[in-house]
Amino acid sequence: MIISEQWLREFVNPDLSTEALAEQLTMAGLEVDAVTPVAGEFSGVVVAEVVAAEQHPDADKLQVCTVDTGTETVQIVCGAPNAAAGLKAPLARVGAVLPGNFKIKKAKLRGVESQGMLCAAAELMLSEESDGLLELAADAPVGADLRDYLGLNDVTLELGLTPNRADCLGVVGVARDVAALNGLTLCEPAADVAEPATETVFPVEVPASAKCPRYLGRVIEGVDLGATTPLYIVERLRRAGLRAIDPVVDVTNYVMLELGQPLHAFDLATLTGGIVVRDAAPGESMTLLDGSEINLTAGTLVIADHERALALAGIMGGENSGVTSDTQSVFLESAFFAPELLAGRARHYGLHTDASHRFERGVDWQLQRRAIERATQLLLSITGGQPGPVVEVASSEHLPKQRQLTLRLARIERVLGLAMPEETARKILEGLGFEVHSDEDGILTCTAPSWRFDMTQEVDLIEELARVHGYNQLPVSRIQAELRGTSNREAATSVRALRQGLVARGFHEAITFSFIAPEHHRLFAPDIAAVAVQNPISSELSEMRSTLLPGLATTLAHNVKRQNNRLRIFETGSRFCAGQPYSEQRMLGLALLGSRAAENWADAGARIDFFDMKGEIEQIFARSGGALSFQRTVQPGLHDGQTAQVMLDGTRVGVLGTIHPTVAAQLDLPKHTVLAELELDAVLTGRLPGYQDISRFPESRRDIAVLVDRGVEAAAVMETVKLAAGPGLAELRLFDMYTGAGVADDQKSLALGLTFRDNSRTLDDDEVSAIVTQVVDSLKENFDAELRA
């Protein structure tokens, strides 16, 4: 937001220098990013009129001009293409000093004497335009000092406003804060109600009342667009970075800068039937004022007549209904659009306009009538015309409501360390536009003004008091607070300890976006409805993740493209589940890729596989105390036959698997990439370790090899062995699995090591042999297993 200091001081004029005013605004939260003079340093430049212009006798591109300076007539040699008799332009007289300490002297150009220099805007550092002389208004007083005539002893203040301070996107809003900061009265611009001179109205319908709760329109007939926009409006627009176009556009821009309310004017002759504020129809398109043609998408709010869309609501008008030099009657529009429903719509079309910048942040919903009256007042004074009555369509149901907030004086002291008297707090808040009522207990009931959308809770009011009182005037005091200890379950593992443990095992932590591309979501969760982002940063980040796997996979792909071919990463974060009710679930994601060990002379570079990830998961759940198992399953995005669900005490708590070859090809990942996702709450749940006696008696180990069908899972075999062996089985290991010569094609050999131990005595060979026989019989019964010879 760029404003002129002179313009600001018309509404409130504190006894502060420019530097002090900028410092005060910054400390009040309206950060001044730059203070820039509106023109370069120059002197001796006056308003002059070209009386005659003749071709230079020895130069095709030069003219010899006779120029009236107000006190004398001088001869100037000029190369500007727009130099012509009757033109009024700045003249740097002999002795003048231009920006850069450039002094004007008498000179001869191609043998012809020149007594000064006619100036372009760029030569005076008024703008960057240098394609011709700066053309001044026809009524500019010849001989007047240019700095005084244009009011160039001024600076612009560039404010870096936070999104919650949309009320300061107009000079009046900034002036309101300055008045409150200095205890002054705000002198707001007058906006007299224009009495209708004609009964002409243009009908208005608002079917989309939720998106446009208030819409005002007025017909003004007989306007003269050949009129000249007053100099003060042109200059204030220029200093704000806008160029003058015609009186109607200039007035709407001026009111937007002054009050913060965007307006739009249509050529009444181009409209048919009436105004309809509606959502875009399927397949509808329109051409914008900048000449670009867009295809309107569902959910886009448009201003239309009975035949076509006229404007993108709150963003930009259409080319075919805009005001031109032939316009004789205009339909002036002033509306309030719901900011939360308009947010992101301009960016969706690759646009960003002054209007969309304001509407997305929130315009004062009670400002529309005042703005249309102010614009009418200015238009009539410039272009003439006959105004009709204002047509208003409003939906009280959808209009915002002024919030009532409670403020406790004791709370102010607790937060700011400052005992602020009630009278002081009331004065500050009323200066900012709040209505304040108090009760006997020192509790203030404050009604927020309609332009403050950001007032939602008590601390917001305290912040207002702090910034107006002055952050640098708050007392310095020690923080005092009641500290209450919190109890942690000793059995539980903290997220921090989990992270440290994974890092110790060679993992790196990744942090990915919670929103992902729809195509990536479909790779890993095609059957799950994703939570759509209402205002996405881009189309590639338009859905909330329902699984952590896409983010981990794309992170792997990003690293692989940069020659990082051995990766072990993890992420803790939430997945977002659509439905009624909506829910979030904390998850742990893991990803492995590349060789099993870092490159070294003693390792052959074996690749990571499914069982490496399985081992990592077993280590993660080592403290859980529950029964951990893995069951074959099918999961989108993962390889069939190399995917398992993780079960803890019979409940599914996650999944692991090798990435599916098709998905790997789409993401440019190696086919041996392994991914896993676990429920974080299950991972963090543990049990306290308990004391257990160490047996003083020797162990006895027996190894067996059994033949089973290839479809039999080793885990099922081992579970059967545990049940059959009973409490005497101290340890069971699967140390080999063999297929090949000597084993039928439909079978596999599982080699198991069974270790037996008793804490009270030594087991003899007969007892161990009996248990082994019992185990073999059980395997025969359950899996038709046979001992391998």
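Helix H13 covers residues 458-469, and its 12 residues reach 17 Å from first C-alpha to last, close to the 16 Å expected at 1.5 Å a residue (the expected span being 1.5 Å times one less than the number of residues). Helices here are DSSP runs of H or I with at least four residues, strands are E runs of at least two, and both are numbered from the N terminus. This is a predicted model, with local features needing pLDDT of at least 70, side-chain atom pairs counted only at pLDDT 80 or more, and totals for chains, interfaces and linings using all residues. Numbering runs from 1 along each chain as its sequence is written, and side-chain values use heavy atoms, leaving out hydrogens and water.

Back to H13: 9 of its 12 residues are buried, so the helix is mostly covered (buried is under 20% relative accessible area, exposed over 50%, partly exposed in between, with a 1.4 Å probe and protein chains only). The buried set includes Leu-461, Ile-462 and Leu-465, along with Glu-458, Asp-460, Glu-464 and Arg-467. Packed against the buried residues are, among others, helix H2 (18-27), helix H4 (171-182) and strand S24 (404-408).

Now for two helix pairs. Axes are lines fitted to C-alpha atoms, for helices over the stretch in contact, and angles run from 0 to 180 degrees between N-to-C directions.

| Pair | Axes come within | Crossing angle |
|---|---|---|
| H20 (714-725) and H21 (765-783) | 9 Å | roughly 135° |
| H5 (231-239) and H6 (247-259) | 10 Å | roughly 60° |

H20 and H21 are therefore oblique to each other, and so are H5 and H6 (under 35 degrees is roughly parallel, over 145 roughly antiparallel, 65 to 115 roughly perpendicular, the rest oblique). The H20 and H21 crossing is right-handed, while H5 passes H6 in a left-handed one (left-handed if the near helix is turned anticlockwise from the far one by less than a right angle, right-handed if clockwise).

In the second pair, Tyr-232, Ile-233, Arg-236 and Leu-237 of H5 meet Asp-250, Asn-253, Tyr-254 and Leu-257 of H6, where contact means heavy atoms within 4.5 Å. By class, that contact of H5 with H6 has 5 nonpolar, 1 polar and 2 charged residues (Ala, Val, Leu, Ile, Met, Phe, Trp, Tyr, Cys and Pro are nonpolar; Asp, Glu, Lys and Arg charged; the others, Gly among them, polar).

Lastly, Ala-371 sits in helix H10 (residues 368-383) and counts as buried at 0% relative accessibility.
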